[in-house]
Every structure is written in C-alpha cells, then in structure tokens.
Amino acid sequence: MIITKNEDELREFLNTSLSKGMSLGLVPTMGALHDGHLHLISNCHADNDVVVVSIFINPLQFNEKSDFDRYPSDLAKDIDKLKGTGCDCLYTPDPEEFYPELPKVHIAFGELEQRLEGKYRPGHFRGVGLVVAKLFHQLTPTRAYFGLKDLQQFVLIKQMAHDLSFPVQIIGVETVRDHSGLAMSSRNQRLSDKGRNTACQISRGLALARKDIEKQRNPVLVLKAIKDYYQNTKDLEIEYCELVNAKTLEPIETYSDVSTVALCVAGYIEGVRLIDNLYLQLD
Ligand code: AMP
C-alpha cells in the first residue's frame, strides 16, 4: 500500500498501476476507521482491480466548528487497520493543498438537500458534494462506495454523478452494526458506556418498526409508535424521525408506488449526534 498526501503522486500511482481496461474503486472516508469502513473497502476490493481509500476530514461539510474540532483522528491506527484489506493506495490530502482557497463554486442539490439531514445541517451536503466531486475528478474511479447508513448522502451523490455525467458507478453498501445493533460510527468513540447503551435503543426502535412496515401498516401509526418508543428512552433526544421513499427521500403517506422505504432517524446522546435508518425493499 502506498500512502500519499499529494495529488501529483496520486496521479503517478494511478498512471503506473492502472493499465488499459483495469477498474479503479474509491472509498472516500474521514478516517477513524471502523468495521463499517472496512466493509466498504472489502466490497470495493472484490469488485475492482485497484483500490484507493481517501481519508480527509473535510472542513466544508461541518456546519458546527466544535464538531469539526472534536472529530476523531488517528492516522497511525487507520494505516494499521488498512493492512490486509486490499487497499492499494491511501490518499490523505492536506486541507491547504486540497482547498488552496475557499472554493467559489458550489454543488447544490435542490430540494433533495432540504430534507432529513439537510434540514438540520445547512450547507453540509454542499460541502460533501464538493469534496466528492473533486475526488472524482482527481481519481476518475470506475466505482465509488458509500454506506447506506448515510442514506441521503448516497442518494445525493448518485444524483450528482448522474446529472454531471461523472463516469462512475455509485455503489451503496449496507450498514454494519456492533453486537448490540448500534450502527458503527466514528462518533461512537465519544460516548461513555452508558451512552452506548442508550445509543443502541436507536436501532432497537428501528427493529421494532420493521414488522409494521413490512406489513405496510399506516405510516402515521408506524411513526407514532417509534416516536413514543424514543420518547420513553431516557437521555435520548430525537431530532427527527421520518418514513420516506428511499429513492426520492420524500415522506410517504401510503406504500403504493414505493419500492424502497427508509425509516430515518437522527438524535443526540451525551451531546453526540448519531444517525441511523432502516432501509427496506417492499414486496
Ligand atoms: P465517514 O468516514 O463517516 O465519512 O464515512 C465514510 C463512508 O463510510 C461513508 O460512505 C459512510 O456512509 C460509510 N459508513 C460509515 N459508517 C458505516 C457503517 N456503520 N456501515 C457501513 N458504512 C458506513
């Protein structure tokens, strides 16, 4: 595995490693790698000849400076975790080199960025769009891998690749959870043991709602039941909980004409913001 911060070095690696017809897979991350990231890399390795993982804590996607300042980072540990995963190149650009000046061009997602996360994190997805678009230009990957845990991010990036004709296939990978059901997240590191116990109620609530959604129970009643469950969970403060069409992210009122639904939730525990969702294909 080669490790580089530098765009020219990255290009040189790509020029020497990729011969005609070979595929390149990209897994963009912000580091503090966990099993969720490793699952993306393993999917990427299975599908592609060459694998690049990027680690870049993108300042433009944080809408609160304190969240950016506290974001966990341990490159030595990440490098260790990448050994044996099939990662051929780790790209860790410096913010000053990646953004020599504040970009003047924005990538806006219209109404898609007004929903769910976008409603509570203004500007977040524009920052995500910019970093991913730049990475796509720098690497021109054949495939890029994104976790369905960040469902809205996956949907928006897919839309961006389609609308701007990026010649890349966007692959969504299912959410990896720990033994308690808690979705793996770099932010989990900031929780106490008690906080982690509370946090696993988020996925428990989603699991309880699964049967109701599979039976296509009225969305209003599904939402009422899960919101009541969360309200009765001490030390959990829910920011939103919505049942949406997983393709358009629009809240659903009925299940007709909907092939995939997602029950999306965001909440705070010990001041740490966590998100999760239940992503379901309907029969
Ligand atoms: P991050 O480092 O948090 O920006 O995440 C990098 C990528 O890993 C994103 O595409 C996330 O959706 C994905 N990811 C994060 N957590 C998980 C998880 N628990 N399971 C699967 N993918 C994940």
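Select strand 2 and strand 3 (residues 50-55): they run parallel and are joined by six bridges. Strands here are DSSP runs of E, at least two residues, and helices are runs of H or I, at least four, numbered from the N terminus. Two strands pair if DSSP finds at least two bridges between them. Zoom in on Leu-24, which stands opposite Val-50 in strand 3.

This is a predicted model, where local features need pLDDT of at least 70, side-chain atom pairs count only at pLDDT 80 or more, and totals for chains, interfaces and linings use all residues. Residues are numbered from 1 along each chain as its sequence is written, and side-chain values use heavy atoms, with hydrogens and water left out.

Stay on strand 2 (residues 24-29). Six of its six residues are buried, so the rest of the structure largely encloses it. Buried means under 20% relative accessible area, exposed over 50%, and partly exposed in between (1.4 Å probe, protein chains only). In a regular strand, side chains alternate between the two faces of the sheet. Color Leu-24, Leu-26 and Pro-28 for one side, then Gly-25, Val-27 and Thr-29 for the other; all are buried.

Most residues other than glycine have a negative phi. Pick Gln-216: its phi is positive, near 55°. Gln-216 sits in the loop between helix 9 (193-214) and helix 10 (219-231), and is partly exposed at 38% relative accessibility.

Move to Asp-235. Its phi is also positive, about 70°, although it is not a glycine. Asp-235 lies in the loop between helix 10 and strand 7 (237-245). At 42% relative accessibility, Asp-235 is partly exposed.
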